[in-house]
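Colleague: Hi! Could you walk me through this model? I'd like to start with the holes inside it.

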Amino acid sequence: MRGINKAFVGVPALIDVDFEVAHGEVHALIGQNGAGKSTLIKVLTGVHTLDAGRIEFDGREVAFSSPHAAQLAGLSTIYQEVNLVPFRSVAENVFLNREPKRFGLIDWGRMNREATAILRRLDLDVDVTRPLYEYSIATQQMTALARALSTKARLVIMDEPTSALAENEVQTLFRVIRQLKSEGISVVFVSHRLDELYAVCDRVTVMRDGRTIEERPMSQISRYELVSKMLGRELAEQLSHRRGGDDEPADGPPVLEAVDLRRGRALDGVSVSIRSGEIVGLAGLLGSGRTETARVIFGADQLDSGTVAVEGKPVQLRSPGDAVRNRIGFSSEDRKTEGIVGQLSVRENLTLALLPHLRRHGIVDRKRQTETVDRFIKAIGIKCSSPEQPIRELSGGNQQKVLLARWLCTDPRLLILDEPTRGIDVGAKRDIQVLIRQLADEGLAVLLISSELEEIIADSNRVVTLRDGRSVAELSGDEITEDAVMQAIATGTGADAGADTGAVADADAAGRAGRTT
């Protein structure tokens, strides 16, 4: 792929992107959320048409009109979200739209035999005649891989293929990938788990902000440098405005203390505590467990094990309603899907969480609701024509301010903010950062999740770093530096966590190289 450009409604998503995969190569494609990976894959597979550039596949220039056309040409994609038909059998899903025929009818015996053989190649022994929904997500993911193998693809794209797999299943997948490589089949491997990249990939392409930043053999790039290429932020200006040591949190028990949180493969031992007036940042790559931690604390997902205490008292948060009753608010990273209700007004969106307290004899007290809305529109600086304007008509920054106001009007003691400044303009981003600091100064406990490393460093009293679902390092005060956070993300240890001298020297050298670049 050469000079690939793609824009949506005038907003560039890909800018002069170059991407190349060799025969029989396992090539990692990585980058933070919004870097352009998915768009690039969709341009390649015919979901989107490119605006400019050239794609060459297997020696000839191509422009696939649809994913089906790409599949017929020998290109198969396995998406993170299993894209199969749950009520049809495993065998039917493996051969969907390519069922073997005999005398014009589906040859069920042959289809079942061949599906069984392909799945056994993946160390999976299941009854292929049973409906797919009866099996685990991991088995469904393996079925999607079996489907790709059955197409005799020359290039297989795997988008976060291990997200639902247990460790033994991950090792089976790696064995299959190495087998594909030995057969001359190429693999594009999209993952945020650094250990997996180094275990199975030959080369890596790093994307950031719709551009290709780096392409290099995996053996020639350290984990530290890989992380710095992905994040690639200029921190000097932000560091000069850090929330300083004078902003000490109040004494007393933590507002929240979560210990050894575990949930499937997503969380494997996360611990975090937050005091009143403190901003605690959760740092880590996408897929490290940041959002999953926020969701279990808010009761949106259930824990397998671990404890949560609010102001020193153990609590069972089985639903978001339980969290709200404990005065915990949560602003999700997915503003469009999990935040705003687009067809409702600013007034209705702002007071959604407060409605139980605005009722009088089962009817919303419109006067109190209006007073609350007017107060927060003014206090936070929400720009709208009126409180009755549909929220979908507001800019992203103002939608985000409405979501913040939704929780602030409930008088929370803990506010969880997942990517609060994603997808908004610079001015609105600055306003929201200032507001978060003011709220903490007034005694609110804030758990801040952001892919913008400078936000974490500039705004946090403490930073807890997550890696592969575990909390691996905690930094506070002057310990919170770009090098220390990146070191923890890349290696799972703090910069001074007792690593051997050679490893630290290598990391420092990689860091200097990254900054020079």
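Colleague: Which residues line the largest cavity?

Modeller: His 192, Arg 193, Leu 194, Asp 195, Gly 284, Leu 285, Gly 287, Ser 288, Leu 466, Arg 467, Asp 468 and Ile 489 line the largest cavity. Before we go on, this is a predicted model, where local features need pLDDT of at least 70, side-chain atom pairs count only at pLDDT 80 or more, and totals for chains, interfaces and linings use all residues. Residues are numbered from 1 along each chain as its sequence is written, and side-chain values use heavy atoms, with hydrogens and water left out.

Colleague: What counts as a cavity or a pocket here?

Modeller: On a 1 Å grid over the protein atoms alone, a cavity is a set of points where a 1.4 Å probe fits but cannot get out. A pocket is an open set with protein on both sides within 12 Å along at least five of seven lines, and lining residues have an atom within 4 Å of a point.

Colleague: How much space lies in the largest cavity?

Modeller: About 90 Å³. A volume is the space filled by probe spheres set on the points, with grid points joined across faces, edges and corners.

Colleague: Which elements give two or more residues to that lining?

Modeller: Helix H7 (194-200) and strand E23 do. Helices (H or I, at least four residues) and strands (E, at least two) are DSSP runs, numbered from the N terminus. By class, the lining of the largest cavity has four nonpolar, four polar and four charged residues. Ala, Val, Leu, Ile, Met, Phe, Trp, Tyr, Cys and Pro count as nonpolar, Asp, Glu, Lys and Arg as charged, and the others, Gly among them, as polar.

Colleague: And which residues line the second largest cavity?

Modeller: Gln 32, Leu 231, Ala 283, Gly 284, Ser 450, Ser 451, Leu 453, Ile 456 and Ile 489. The second largest cavity holds about 50 Å³ of space, and its lining has five nonpolar, four polar and no charged residues.

Colleague: What is Thr 465 in contact with?

Modeller: Leaving aside neighbours within four places in sequence, Thr 465 is in contact with Ala 283, Arg 470, Ser 471, Val 472, Ala 473, Ala 488 and Ile 489. Contact means heavy atoms within 4.5 Å.

Colleague: New topic: pockets. Which residues lie nearest the centre of the second largest pocket?

Modeller: Glu 20, Val 21, Glu 56, Phe 57 and Asp 58, out of 20 lining residues. The volume of the second largest pocket is about 510 Å³. Strand E4 (52-57) and strand E10 (186-190) each supply at least two residues of that lining, and E4 gives the largest share, four residues.

Colleague: Now the core. Which members of the largest nonpolar core touch the most others?

Modeller: Met 158, Ile 177, Phe 189, Leu 197 and Leu 226, in a core of 124 residues. Helix H5 (residues 137-150) gives the most to this core, with seven residues. A nonpolar core is a set of buried Ala, Val, Leu, Ile, Met, Phe, Trp, Tyr and Cys residues joined through side-chain atoms within 4.5 Å. A second, separate core of 23 residues includes Leu 14, Ile 55, Val 62 and Ala 70.

Colleague: What does Met 158 touch?

Modeller: Beyond residues up to four places away in sequence, Met 158 touches Ile 78, Leu 145, Leu 173, Ile 177, Leu 180, Val 187, Val 188, Phe 189 and Val 190.

Colleague: Where is Glu 160 found?

Modeller: Glu 160 is in the loop between strand E9 (155-159) and helix H6 (167-182). Its phi is near 50°, a positive value in a residue other than glycine, and Glu 160 counts as buried at 10% relative accessibility.

Colleague: Last one: where is Tyr 135?

Modeller: Tyr 135 is in the loop between helix H4 (108-121) and H5, and is buried, with a relative accessible area of 12%. A polar atom of the Tyr 135 side chain lies 3.0 Å from the backbone oxygen of Asp 127.

Key
Buried < 20%, exposed > 50% of the residue type's maximum accessible area, 1.4 Å probe, protein only. Polar contact = N/O pair within 3.5 Å; in protein donor to acceptor, adjacent residues only side chain to side chain.
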